[in-house]
Amino acid sequence: MRRMLVWMFGAGLFVASCSGSGAGTDTPATDLVQSTTMATTTTTTAAATTTTEASTTTAPTTTTTVPTTTTAPSPTTTAPTTTTTVGGAVEVNNHGIQAGATWVYFGFDDEDAIAAMTAVLGSPTHDTGWIDAFSSPYGVCPGPVVHGVEWDSFTALFTQAETDFWAVGVPHFYAYLYTDGEAPAGITTSEGVAIGDTLGVLEAAYPGEITVVESFFDPTIGSWSYRPAPWTGMWGYADGLTPDALITSINGGRGCGE
């Protein structure tokens with residue numbers, strides 16, 4: 001288009017000069033030559049500019065860099081290394097038990113709770129069935145009956161009494177006792193504390209939330225508690241009161257009296 005405009009412009013100048021001389025004006029012949037020369041000069045310039053447009057043909061060479069993106073998928077090959085194993089451990093806290101993938105909270109149905117813990121810990125080593133709550137091996141428990149299911153030194157307790165967890169007459173999970181002795185592997189608190197760890201480890205796992213006092217039964221024994229409440233909480237005993245004393249029990253829920 002630029003080429004056509006220049007040529008038209010040059011032709012216009014040439015026609016204007018010719019029409020002027022035909023009308024009888026005193027236009028010198030040299031002016032006609034100059035006008036013609038100018039038109040001719042302009043056309044040669046226009047031709048020069050057309051050669052620069054041809055230089056744009058080098059642009060497609062930049063497309064050769066596109067195939068370099070084929071290296072992007074390689075990082076995804078590391079993804080399978082992030083997989084983890086789920087289940088197989090029991091974690092206790094002040095609200096209940098995490099048995100593998102099942103959350104067994106205080107108030108959980110008794111049969112469902114036993115099934116969930118058995119799936120992780122194996123068959124119980126002892127099952128009391130429903131027995132008199134006031135003469136049980138666990139002390140005086142909420143009556144009239146109590147049911148204890150044991151996996152060596154780890155015990156889950158069930159009651160039909162009214163608790164903050166459920167109404168009277170409904171069998172439900174209300175406490176656990178984890179005492180020193182042989183117990184299934186992998187039982188810890190939610191923060192990784194287990195029987196045999198020190199009070200110092202316990203206090204570091206729950207900073208500012210562990211209280212240690214002398215036991216009511218023996219002043220040489222430490223009694224510790226975490227967020228205690230009338231019907232819930234987590235507590236236990238240690239073989240002393242100093243940070244290096246060893247934890248001998250971890251209990252939760254509503255305990256039984258002596």
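This is a predicted model: local features need pLDDT of at least 70, side-chain atom pairs count only at pLDDT 80 or more; totals for chains, interfaces and linings use all residues.

Guide: The protein has 258 residues, of which 32% count as buried. Among its contacts between residues at least 6 apart in sequence, 45% join residues at least 24 apart. Its accessible surface comes to about 14,700 Å², and 62% of this belongs to carbon and sulfur atoms.

We may now turn to the interior. In soluble globular proteins, nonpolar side chains tend to be buried together. Here the largest nonpolar core holds 43 residues, and those that touch the most other members are Ile 97, Met 117, Phe 154, Phe 173, Tyr 176 and Trp 224. Strand β7, residues 172–179, supplies the largest share of this core, namely six residues.

Leaving aside residues up to four places away in sequence, Phe 154 touches Val 92, Ile 97, Met 117, Leu 121, Val 149, Tyr 176, Leu 177, Tyr 178, Pro 184 and Ile 187.

Next come the rings themselves. A pair of aromatic rings is described by the distance of the centres and the angle of the planes. The count of such pairs in this structure comes to nine. In one of them, the ring centres of Phe 154 and Tyr 178 are 6.0 Å apart and the planes stand at 70 degrees; because an angle over 60 counts as edge-to-face, the pair is given that name. Phe 154 belongs to strand β6 (residues 154–159) and Tyr 178 to strand β7, so this pair ties together parts that are 24 residues apart in sequence. Both Phe 154 and Tyr 178 are buried.

A second pair consists of Tyr 206 and Tyr 226, with ring centres 4.6 Å apart and planes at 50 degrees, so it is tilted. This pair also links distant parts of the chain, 20 residues apart: Tyr 206 is in the loop between α4 (199–205) and β9 (210–214), while Tyr 226 is in strand β10 (residues 222–226). Tyr 206 and Tyr 226 are buried as well. Ring pairs also build a cluster, which links Phe 106, Phe 154, Phe 158, Phe 165, Phe 173, Tyr 176 and Tyr 178.

Tyr 206 leads us to a polar neighbour, for a polar contact of 2.9 Å joins its side chain to that of Thr 189. Thr 189 lies in strand β8, residues 187–189. With a relative accessible area of 1%, Thr 189 falls under the 20% limit and is therefore buried. Apart from residues up to four places away in sequence, Thr 189 touches Glu 91, Val 92, Tyr 206, Met 234 and Ile 250.

A search of the whole structure finds one salt bridge. It is formed by Glu 209 and Arg 227, whose closest N and O atoms are 2.8 Å apart. Glu 209 is in the loop between α4 and β9, and Arg 227 in the loop between β10 and β11 (234–238), so the pair ties together parts that are 18 residues apart in sequence. Glu 209 is partly exposed, with a relative accessible area of 29%. Arg 227 is likewise partly exposed, at 47%.

Notes: Residues are numbered from 1 along each chain as its sequence is written. Side-chain values use heavy atoms; hydrogens and water are left out. Helices (H or I, at least four residues) and strands (E, at least two) are DSSP runs, numbered from the N terminus. Buried means under 20% relative accessible area, exposed over 50%, partly exposed in between (1.4 Å probe, protein chains only). A polar contact is a pair of N or O atoms within 3.5 Å; within protein, one must be able to donate a hydrogen and the other to accept it, and residues adjacent in sequence count only if both atoms are side-chain atoms. Contact means heavy atoms within 4.5 Å. A nonpolar core is a set of buried Ala, Val, Leu, Ile, Met, Phe, Trp, Tyr and Cys residues joined through side-chain atoms within 4.5 Å. Rings of Phe, Tyr and Trp (its six-membered ring) pair if their centres lie within 6.5 Å; planes under 30 degrees apart count as stacked, over 60 as edge-to-face and the rest as tilted. Accessible areas come from the Shrake-Rupley method with a 1.4 Å probe; for residues, only the protein chains shown count as cover. A salt bridge is a side-chain nitrogen of Lys or Arg within 4 Å of a carboxyl oxygen of Asp or Glu.
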